[in-house]
Amino acid sequence: MKIIVPMAGRGSRLRPHTLTVPKPLIPVAGKSIVHRLVEDIAKILKQPIEEVAFILGDEAFFGDDVVSSLQDLAKGLGAKASIYRQDLPLGTGHAIMCAKDSLSGPAVIAYADTLIRADFELDPAADSVIWVKQVDQPEAFGVVKLNGNNEITELVEKPKEFVSDLAVIGIYYFKEVGDLKKELQGVLDNNIQNGGEYQINDGIKAMMANGKIFKTGSVDEWMDCGNKDVTVETNTRMLGFLHNDGEHLVDYNVTLENSTIIPPCYIGENVVLKNATVGPNVSLGKGCHVTDSSIKNSLVQTYSQIKNADLDNAMIGNHVSYDGKFKSISIGDYSVFE
């Protein structure tokens with residue numbers, strides 16, 4: 001089994017945090033989005049992963065440190081890491097075809113801006129499985145239409161009239177991903193574009209037209225990381241899941257001086273808390289110092305200094321120095337507020 005991960009986008013909705021760090025590498029509950037996503041997919045598949053192919057953007061932004069972290073991720077699964085580049089933002093179908101040398105055999109394609117919780121078996125009768133989540137407002141999503149055999153017959157983008165409440169979450173299984181490669185090559189050769197881009201859906205529709213059977217796989221939880229507020233919410237939800245799973249989330253080297261941690265929280269190594277109350281639902285990356293402050297429902301990355309703060313629904317980047325009383329803030333890397 002292979003996992004194909006397009007992650008070339010810069011994540012403009014999550015600025016300023018994605019000005020210096022690619023969105024898939026933003027940590028949620030102490031681990032980057034892409035690491036959590038790939039590891040969770042591997043657990044669901046319950047079979048050996050032979051290769052993880054990552055499609056990155058330009059080398060100036062997705063540099064050697066990014067490549068190294070992704071190679072470590074694949075190695076941790078006992079898999080080969082393949083690195084591809086998408087130099088121009090020409091859509092999901094184009095991104096997948098940038099990894100065409102890896103498009104053979106069974107594979108999962110997953111976009112690295114979402115997190116899931118799921119436990120199901122792949123349907124052996126299906127040529128492909130599109131993972132979906134039941135939603136309350138299907139008109140805001142791409143949805144699947146099913147026939148009487150629970151086979152997918154149509155993909156409908158943001159339907160104005162009710163078609164289905166099963167939203168496509170951006171994770172797909174292909175029994176033979178070479179079939180998708182063939183159809184996407186036709187999309188590129190015939191310049192079939194939607195919104196000026198080459199889309200995976202056009203390859204999937206061509207597969208359906210050729211008689212391939214598509215079915216759904218349902219996830220229990222689908223968590224977005226699109227902007228600051230939903231990323232903080234996702235951090236909160238993930239902390240709750242991990243806490244209930246019994247994971248140890250507070251590093252043993254945390255320094256506590258007249259301070260309280262209210263679970264669930266992720267507290268990284270060498271964090272120092274002085275006269276502070278942290279939690280619930282807070283992630284503090286390694287090396288952070290928090291003094292004379294209260295923090296809840298917030299995500300702080302690494303090596304940041306926080307003083308005299310009362311934070312709620314906050315997101316703070318790496319190496320930030322913050323001294324103040326604003327509550328709901330979004331501060332990017334290396335910012336100084338005194």
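N270 is found in the loop between β16 and β17. This is a predicted model, and in it N270 has a positive phi of about 60° although it is not a glycine. Most residues other than glycine have a negative phi, and most peptide bonds are trans. At 46% relative accessibility, N270 counts as partly exposed, because partly exposed covers the range between under 20% for buried and over 50% for exposed.

N297 also has a positive phi, near 50°, and is likewise a residue other than glycine. Its place is the loop between β19 (289-296) and β20 (298-300). With a relative accessibility of 22%, N297 counts as partly exposed.

**Cis peptide bonds**

Where in the chain is P264 found? P264 sits in the loop between β15 (260-261) and β16 (265-267). The peptide bond leading from P263 to P264 is cis, with omega near 0°. A cis bond with omega near 0° also runs from G279 to P280. P280 belongs to the loop between β17 (272-278) and β18 (282-284).

| Residue | Relative accessibility | Class |
|---|---|---|
| E51 | 7% | buried |
| V254 | 17% | buried |
| S304 | 0% | buried |

E51 lies in strand β4 (residues 51-56). Which side chain makes a polar contact with the side chain of E51? The partner is the side chain of S82, at 2.6 Å. Setting aside neighbours within four places in sequence, E51 is in contact with M1, K2, I3, A79, K80, S82, Y84 and S102.

V254 is in the loop between α6 (228-244) and β14 (255-257). Residues up to four places away in sequence left out, V254 touches I267, G268 and V271. V254 and K286 are 32 residues apart in sequence, and their C-alpha atoms are 9.3 Å apart in space.

S304 lies in the loop between β20 and β21 (305-307). Which residues does S304 touch, not counting residues up to four places away in sequence? They are G287, C288, H289, I316, G317, N318, H319 and V320. For V320 there is a further detail: its backbone nitrogen lies 3.0 Å from a polar atom of the side chain of S304.

**Packing of helices**

Two packed helices are described by the angle between their axes and the distance between the axes. Helix α1 (residues 33-45) and helix α2 (residues 64-76) pack at an angle of about 20°, and their axes are 11 Å apart. That makes α1 roughly parallel to α2, because angles under 35 degrees count as roughly parallel. The crossing of α1 and α2 is right-handed. In this contact, V34, H35, V38 and E39 of α1 meet S69, L70 and L73 of α2. By class, the residues in the contact of α1 with α2 are four nonpolar, two polar and one charged. An α-helix has 3.6 residues a turn, so residues three or four places apart point the same way.

What are the angle and the axis distance for α4 and α5? The angle is about 115°, with the axes of α4 and α5 8 Å apart. The crossing of α4 and α5 is right-handed. From α4, the residues D179, L180, E183, L184 and V187 take part, meeting I200, D202, G203, I204, A206 and M207 of α5. Sorted by class, the contact of α4 with α5 has seven nonpolar, one polar and three charged residues.

**Helix α5 and its surroundings**

Helix α5 covers residues 200-209, and I200, D202, G203, I204, M207 and M208 in this helix are buried. Which helices and strands do the buried residues of α5 pack against? They pack against the helices α3 (92-97) and α4 (177-189) and the strands β8 (128-134), β10 (152-157), β11 (166-174) and β12 (214-218). Among the buried residues of α5 are I200 and I204, and both I200 and I204 are also in the contact with α4. Just after α5, G211 takes a positive phi of about 90°.

Conventions. Residues are numbered from 1 along each chain as its sequence is written. This is a predicted model: local features need pLDDT of at least 70, side-chain atom pairs count only at pLDDT 80 or more; totals for chains, interfaces and linings use all residues. Side-chain values use heavy atoms; hydrogens and water are left out. Axes are lines fitted to C-alpha atoms, for helices over the stretch in contact, and angles run from 0 to 180 degrees between N-to-C directions. Helices (H or I, at least four residues) and strands (E, at least two) are DSSP runs, numbered from the N terminus. Angles under 35 degrees count as roughly parallel, over 145 as roughly antiparallel, 65 to 115 as roughly perpendicular and the rest as oblique. A crossing is left-handed if the near helix is turned anticlockwise from the far one by less than a right angle, and right-handed if clockwise. Contact means heavy atoms within 4.5 Å. Ala, Val, Leu, Ile, Met, Phe, Trp, Tyr, Cys and Pro count as nonpolar, Asp, Glu, Lys and Arg as charged, and the others, Gly among them, as polar. Buried means under 20% relative accessible area, exposed over 50%, partly exposed in between (1.4 Å probe, protein chains only). A polar contact is a pair of N or O atoms within 3.5 Å; within protein, one must be able to donate a hydrogen and the other to accept it, and residues adjacent in sequence count only if both atoms are side-chain atoms.
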